[in-house]
Amino acid sequence: MSNAPNPDNCATLSMGTQPINTDDMTTGKNQKLSRKEIVREIFAGSRATIPMIVGAIPFGIIFGTLAEQSGLSPLGAIAMSVFVFAGSSQFIALGLLAAGTGPLIIIATTFIVNLRHLLYSAALVDDVKHLSGPWRTLIAFGLTDESFATIADKIRKSDDLWRKKYVQWFYLGSFSTMYGNWILCTVIGITLGELFPDIGNWGLDFAMSATFIGMVLPYLTTRPMLACVLVAGAMSLGTADMPHKLGLMVSALSALSVGLSYHLISRNKKQ
């Protein structure tokens, strides 16, 4: 009688005296990572985010320079960068503070502006749902435009095993780099604002626009994506005068609807 195991009945492979679950080999679960692997992925995430920082640096500096002019103390500006960590919302909050707007309006307006992050979360939910609650909380807090672009591009180029084992460490590197840079630039901006009061008029904010363009270009590989970007651009211009930055959400939802519809129509035609 043969001693060869029946593959239909085997759940494990033997290596010495310790069984290895074949499902774990496929998904990457229950495999303890070495410190070297963790550090490698953290640095990889940090390196991948560095090009995005080029545009974020002047953006953060300008925020710091405008904070005191808008009636926010230096400590308050630093605290906002530490606890809010949302560039566009922080700028909007400064403008509303300078206009003497009440706190409820400020909170509501910045909430609307940040609704675009719901789209980011929806795009990543399948890739992080296996992580623990604390990890998902950290990812939710640090999900900036730049970090989303970085992690989404990495996931797109990686296999399922990498996602199961390394995605949180790669993200940690990306988040830490962006977070540290934003706080540091806020401090630099506060310092420079006292030395150069008119630095906000130097046009440094163009770097952020260039960064966003660079983030989008790699994804323009299909017609649905191209249609999505064109609709978003056209709608953002047409809705620029809407109050409380509502045009951003109108543009995003319109572009998403067009892009998804185009994708579904194209897929049905191929079937």
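**Stop 1: a nonpolar patch**

Start by selecting Ile213, Val216, Leu217, Leu220, Met225, Leu226 and Leu230, which make up a nonpolar patch on the surface. Together these residues have about 590 Å² of accessible area. Keep in mind as you look that this is a predicted model.

Now colour the helices. Which helices each supply at least two residues of the patch? They are helix H10, residues 206-216, and helix H11, residues 223-238. H11 gives the largest share, with 3 residues.

Zoom in on Leu230, which sits in helix H11. Is Leu230 buried or exposed? Its relative accessible area is 57%, and the cut-off for exposed is over 50%, so Leu230 counts as exposed.

**Stop 2**

Time to switch to charged side chains. How many salt bridges does the structure hold? There are 6, and we'll visit some of them.

Select Arg40 and Glu41 and show their side chains. These two form a salt bridge, and their closest N and O atoms are 3.3 Å apart.

**Stop 3: Lys129 and Asp126**

Next, select Lys129 and Asp126. They form a salt bridge too, with the closest N and O atoms 3.9 Å apart.

Lys129 is exposed, with 57% relative accessibility. Asp126 comes in at 47% and is partly exposed.

**Stop 4: along helix H8**

Move on to helix H8, residues 145-157, and pick out Asp153 and Lys157. Both lie in this helix, 4 residues apart, which is about one turn. Their side chains meet in a salt bridge, 3.2 Å from N to O. Lys157 is exposed, at 62% relative accessibility.

**Last stop: a network**

Finally, select Asp127, Asp160 and Arg163 together. What joins these three into one network? Salt bridges that share partners do.

Methods:
Residues are numbered from 1 along each chain as its sequence is written. This is a predicted model: local features need pLDDT of at least 70, side-chain atom pairs count only at pLDDT 80 or more; totals for chains, interfaces and linings use all residues. Side-chain values use heavy atoms; hydrogens and water are left out. Patches are made of residues with over 30% relative accessible area and no salt bridge: like charges are joined within 9 Å, nonpolar side chains (Val, Leu, Ile, Met, Phe, Trp, Tyr) within 5 Å. Accessible areas come from the Shrake-Rupley method with a 1.4 Å probe; for residues, only the protein chains shown count as cover. A salt bridge is a side-chain nitrogen of Lys or Arg within 4 Å of a carboxyl oxygen of Asp or Glu. Buried means under 20% relative accessible area, exposed over 50%, partly exposed in between (1.4 Å probe, protein chains only).
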